[in-house]
Amino acid sequence: NGLKKHFPLKSGLFGGKKGYVYAVDGVTFAIDKGETLSLVGESGCGKSTVGKAILRLIEPTAGEVFLAGERIDNIPISQLRPMRRRIQVVFQDPFSSLNPRQRVRDIIAEPIVNFGLAANGSELDDRVAELMDKVQLPRDAMKRFPHEFSGGQRQRVGIARALAPGSDIIICDEAVSALDVSVKAQIVNLLSDLQDELGLSLLFISHDLAIVEHLTHRVAVMYLGKIVELADRRTLFATPHHPYTKALLSAVPVPDPTAKRQRIILHGDVPSPINPPSGCRFHTRCPFVFDRCRSEEPQLRRVAGGQMSACHLDEVPDVAVIPKAA
Ligand code: SF4
Ligand code: MG
């Protein structure tokens, strides 16, 4: 609720003025039990920072985080264990997030031991074997080291480790981005099977809308530290509202060669989060920009399609919606 993360800049960078990177600047969403919410946007939009702030890998600057109604953003670090047990993470790079010197068995056993979830060695072995089955890895893989596996298999180990403490929510931060397309599909299918089986909630952080479409229930689109559109999957992909969402979607190839999708090509780079544009943060790149966008910040509110969108456009029906010349 209203989550913010402003990273202070070293003084002196701005001629002595105090500066901040406004990485996350007031983000609000909820995830239901058994639901997947995807956080999408270009790199640097703040989506990973949201994940890290929820996990308390970084301290949020402002806002609140609740887990099943209980506030968890202000729990002292020394008392984070019960929360850590319930929220786990799978990172992009299984090559660096798995300890190369540990056998797979020990990697998966570690959280079970740390949280004191096995009474003895044989219970621990049973639990690890069960997790290997869940992520569809052969049990004899337990004796091997991460480098002996392919990227996709390593990510299965990462998922088994995330499931090990009996978590309720898994944050997948670009968890399939480094994998080959066919392997991506396998891991996405695995996540969605595990969700059905265990009632897991997933926060799926990705820059790849084509992948998101296959597993998500809802999508939150981020731009420069803010959510600009929040919609269920069907609405977002069929009738996107925000110009930024439309631009992102128009870059996703459509399998049907006869299908037409309006192409919106964005010019210029994402502006710096150190000094974000006034008004609508997207105004420097929006093909539909008009005067009001430069001075007044649009709020996230419900629009005709049923989704939430932060854009002035349909508040002013008399403004002609004609893209400006590129
Ligand atoms: Fe574009 Fe204006 Fe809407 Fe921002 S508020 S997305 S600049 S039309
Ligand atoms: Mg990231």
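Cys 280 is buried, with 26 other C-beta atoms within 10 Å. Here a residue counts as buried if 20 or more other C-beta atoms lie within 10 Å of its own, as exposed if 12 or fewer do, and as partly exposed in between, with C-beta atoms placed from the backbone. The structure is a predicted model, in which local features need pLDDT of at least 70, side-chain atom pairs count only at pLDDT 80 or more, and totals for chains, interfaces and linings use all residues. Residues are numbered from 1 along each chain as its sequence is written, while chains are lettered from A and ligands numbered from 1 in the order in which they are written.

Cys 280 sits in the loop between helix 10 and helix 11. Helices (H or I, at least four residues) and strands (E, at least two) are DSSP runs, numbered from the N terminus. Leaving aside neighbours within four places in sequence, Cys 280 is in contact with Cys 293, Glu 297, Pro 298 and His 312. Contact requires the C-beta atoms of two residues, placed from the backbone, to lie within 7 Å. Cys 280 and Asn 114 are 166 residues apart in sequence and 46 Å apart in space, C-alpha to C-alpha.

Cys 280 also belongs to the surroundings of ligand 1. The shell holds 13 residues, and the closest are Cys 280, His 283, Cys 286, Cys 293 and Cys 311. A residue is near a molecule or strand if its C-beta atom, placed from the backbone, lies within 6 Å of it. By class, the shell has ten nonpolar, three polar and no charged residues. In this scheme Ala, Val, Leu, Ile, Met, Phe, Trp, Tyr, Cys and Pro count as nonpolar, Asp, Glu, Lys and Arg as charged, and the others, Gly among them, as polar.

Arg 292 lies in helix 11 (residues 291-295). Arg 292 is partly exposed, with 16 other C-beta atoms within 10 Å. Between Arg 292 and Ile 169 there are 123 residues in sequence and 40 Å in space, C-alpha to C-alpha.

Helix 10 (residues 243-250) has six of its eight residues buried, so it is largely enclosed by the rest of the structure. The buried residues are Pro 243, Tyr 244, Thr 245, Ala 247, Leu 248 and Leu 249. They pack against helix 8 (209-215), strand 9, strand 10 and helix 9 (233-238).

Helix 5 (residues 121-134) has 14 residues. Its reach from first to last C-alpha is 20 Å, close to the 20 Å expected at 1.5 Å a residue. The expected span is 1.5 Å times one less than the number of residues. The buried residues of helix 5 are Val 128, Leu 131 and Met 132. They cover an arc of only 105° around the axis, which puts them on the same side of helix 5. The arc is that of the directions from the helix axis to the C-beta atoms. An α-helix has 3.6 residues a turn, so residues three or four places apart point the same way. The face turned away from the buried side carries the exposed residues Ser 122, Glu 123, Asp 126 and Asp 133. Cover for the buried residues of helix 5 includes helix 4 (104-114) and helix 6 (151-163). Just after helix 5, Gln 136 takes a positive phi of about 60°.

In helix 4, the buried residues are Val 104, Ile 107, Ile 108, Ala 109 and Pro 111. What covers them includes helix 5 and helix 6. Gly 116, with a positive phi near 60°, follows helix 4.

The largest nonpolar core has 76 residues. Such a core is a set of buried Ala, Val, Leu, Ile, Met, Phe, Trp, Tyr and Cys residues joined through C-beta atoms within 7 Å. Ile 108, Ala 160, Ile 170, Ile 171, Cys 172, Val 221 and Met 222 touch the most other members. Beyond its neighbours within four places in sequence, Cys 172 is in contact with Val 90, Leu 191, Leu 202, Phe 204 and Ile 205.

Ser 38 lies in strand 3 (residues 36-40). Ser 38 is buried, with 25 other C-beta atoms within 10 Å. Ser 38 and Leu 203 are 165 residues apart in sequence and 5.8 Å apart in space, C-alpha to C-alpha.

Leu 224 has a positive phi of about 45° although it is not a glycine. Leu 224 is found in the loop between strand 9 (218-223) and strand 10 (226-232), and is buried, with 25 other C-beta atoms within 10 Å.
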